[in-house]
Amino acid sequence: MKNKVLKTVTTSLAVMFLLAGCAGGKETAKKDETKKTESSSSEVTTGASEKGYTDPKELKDEYDIVIVGAGGAGMAAAIEAKDEGKNPVILEKMPVAGGNTLKSSSGMNASETKFQKDQGIKDSNDKFYEETLKGGHGTNDKELLRYYVDNSADAIDWLDGMGIKLNNLTITGGMSEKRTHRPEDGSAVGGYLVDGLLRNVHEKKIPIFVNADVTEITEKDNTVDGVKVKIDKKEKEIKSKAVVVTTGGYGANPEMLEKEKPELKGYVTTNSEGSTGDGIKMIEKLGGQTVDMNQIQIHPTVQQDKGILIGEAVRGEGGILVSQEGKRFVNEMDTRDNVSAAENKLKEKSSYLIFDAGVKERVKAIDFYEKQGFVKKSDTVEGLAKEIDMDAKTLKETVDTWNKAVADKKDSEFNRETGMDNGLEKADFYAIKIAPGIHYTMGGVKTNDKTEVLDKDGKAIKGLYASGELTGGLHGENRIGGNSVGDIIVFGRQSGKQASEFIK
């Protein structure tokens with residue numbers, strides 16, 4: 001289950017784009033959309049390269065707002081700032097935009113949305129709040145959580161208004177309602193979201209620089225006034241009236257991870273290689289406070305060879321987990337920490353995710369897993385058992401028992417109550433071998449619901465804002481699947497708005 005050393009994601013940029021292609025649905029459609037995006041960006045972005053990024057020679061000495069990081073939170077912040085009439089710039093240290101957002105698969109959690117209402121799903125912000133608080137063992141920052149759930153539906157509408165439609169609903173562990181919003185075809189949310197946000201960044205003529213490594217946040221008279229950045233083999237100082245940091249967590253930084261939790265040494269990680277905690281360290285140098293730094297989420301369904309997350313939507317659409325003995329061992333829709341703990345108690349410390357053709361049709365991300373060679377299949381359950389060296393009779397009994405539980409709407413074995421709309425009855429049948437891996441860092445910079453960064457006395461550092469995975473507190477001790485995408489959009493927007501308000 002564990003590798004000899006903690007490894008960062010070794011997936012090449014080509015694979016990252018393949019994942020993005022998977023997230024967009026059909027590969028041919030994705031290629032066409034990419035061409036459209038690149039063509040559009042060349043037309044609307046001054047100095048844009050053929051890939052849609054701004055030429056380093058176009059970097060100016062001053063902007064209204066500098067946004068550090070080009071993941072979902074950074075792009076959301078930039079779009080809001082631009083809509084507020086400000087002149088933002090995005091600086092990204094990696095060669096491509098997207099960060100961990102590009103790797104998101106299941107969807108975006110939101111409550112009381114128009115898409116839920118259209119589909120007859122009766123949900124409430126209060127229910128979303130209480131279930132997330134329960135999932136975080138009551139340790140969530142209640143101020144941040146309240147702001148998140150109360151603004152989640154508006155975030156869905158905001159994305160929809162920009163042509164990013166998330167109207168396909170599923171469910172994740174720890175939730176009682178279908179509030180995980182996905183692209184219409186049921187594909188992974190990450191690549192689709194990044195493509196849509198990038199398209200809007202280009203259309204709004206927001207400069208976005210890649211290979212731009214911010215090394216320091218500067219300040220004058222106790223107010224943040226810009227950054228130092230290495231770009232085009234040169235170091236340059238950029239002045240601004242506010243800085244928004246959206247650099248992600250530290251899930252790909254072995255030293256930081258092992259410092260906080262030595263027992264995680266040797267675990268594979270699903271994180272993008274840029275998730276090294278840079279923003280957290282820069283903010284700490286300014287006196288910024290951190291919270292929950294030892295709260296690091298282990299995800300139960302990670303393919304170990306390449307460190308790729310197998311999305312929770314596979315279970316949400318009806319998949320089950322079985323041991324090497326061919327038996328279920330947990331409520332698959334329990335919270336991630338509980339499912340991972342159950343998996344680690346198995347002799348092999350790994351298990352198999354079992355699903356059928358129906359699940360595959362409803363979760364398009366499986367196409368990507370199949371192309372990567374992760375998926376075993378057969379036209380019968382017994383045949384599948386042979387493919388994964390499992391007792392055929394036992395696996396068949398397990399699947400039959402599960403199908404009866406779905407039909408009766410009662411799981412007497414593990415009391416699962418969600419993700420039971422469809423049984424596993426449609427050939428072909430599939431299996432992916434998985435085990436726990438490092439997935440998300442709940443800890444980070446402490447902020448208030450205005451996304452202002454707080455110092456060790458709890459006071460806001462003037463001109464400094466942060467959003468996304470580099471912040472801590474919202475998720476408490478355990479993050480609910482689908483809440484991170486909601487987090488980056490809700491608080492990414494807020495940081496762009498608040499930074500704009502600050503400089504008025």
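This is a predicted model: local features need pLDDT of at least 70, side-chain atom pairs count only at pLDDT 80 or more; totals for chains, interfaces and linings use all residues.
**Exercise 1. Find how strand 1 (residues 62–68) and strand 9 (residues 234–245) pair, and over how many bridges.**

Step 1. Strand 1 and strand 9 run in the parallel sense and share six bridges. Strands are DSSP runs of E, at least two residues long, and helices are runs of H or I, at least four residues long, numbered from the N terminus. Two strands pair if DSSP finds at least two bridges between them.

Residues are numbered from 1 along each chain as its sequence is written, and side-chain values use heavy atoms, with hydrogens and water left out.

**Exercise 2. Work out which sense, parallel or antiparallel, joins strand 8 (residues 223–231) to strand 9.**

Step 1. The sense is antiparallel, over six bridges.

Step 2. Lys-239 in strand 9 is the bridge partner of Gly-226.

Step 3. Now look at the turn. Two residues lie between strand 8 and strand 9, which form a hairpin. Asp-232 in that turn has a positive phi of about 55°.

**Exercise 3. Locate the bridge partner of Val-245 in strand 19 (residues 460–466).**

Step 1. Strand 9 pairs with strand 19 in the parallel sense, over three bridges.

Step 2. The partner of Val-245 is Ala-466.

**Exercise 4. Decide how helix 6 (residues 142–161) lies against helix 16 (residues 483–502).**

Step 1. The two helices pack at an angle of about 85°, and their axes are 8 Å apart. Axes are lines fitted to C-alpha atoms, for helices over the stretch in contact, and angles run from 0 to 180 degrees between N-to-C directions.

Step 2. Helix 6 is therefore roughly perpendicular to helix 16. Angles of 65 to 115 degrees count as roughly perpendicular, under 35 as roughly parallel, over 145 as roughly antiparallel, and the rest as oblique.

Step 3. Check the contact (heavy atoms within 4.5 Å).

**Exercise 5. Describe how helix 5 (residues 125–135) crosses helix 6.**

Step 1. The axes come within 9 Å and cross at roughly 140°.

Step 2. Helix 5 is therefore oblique to helix 6.

Step 3. Name some contacts. Among them, helix 5 brings Phe-128 and Tyr-129, while helix 6 brings Leu-145 and Tyr-148.
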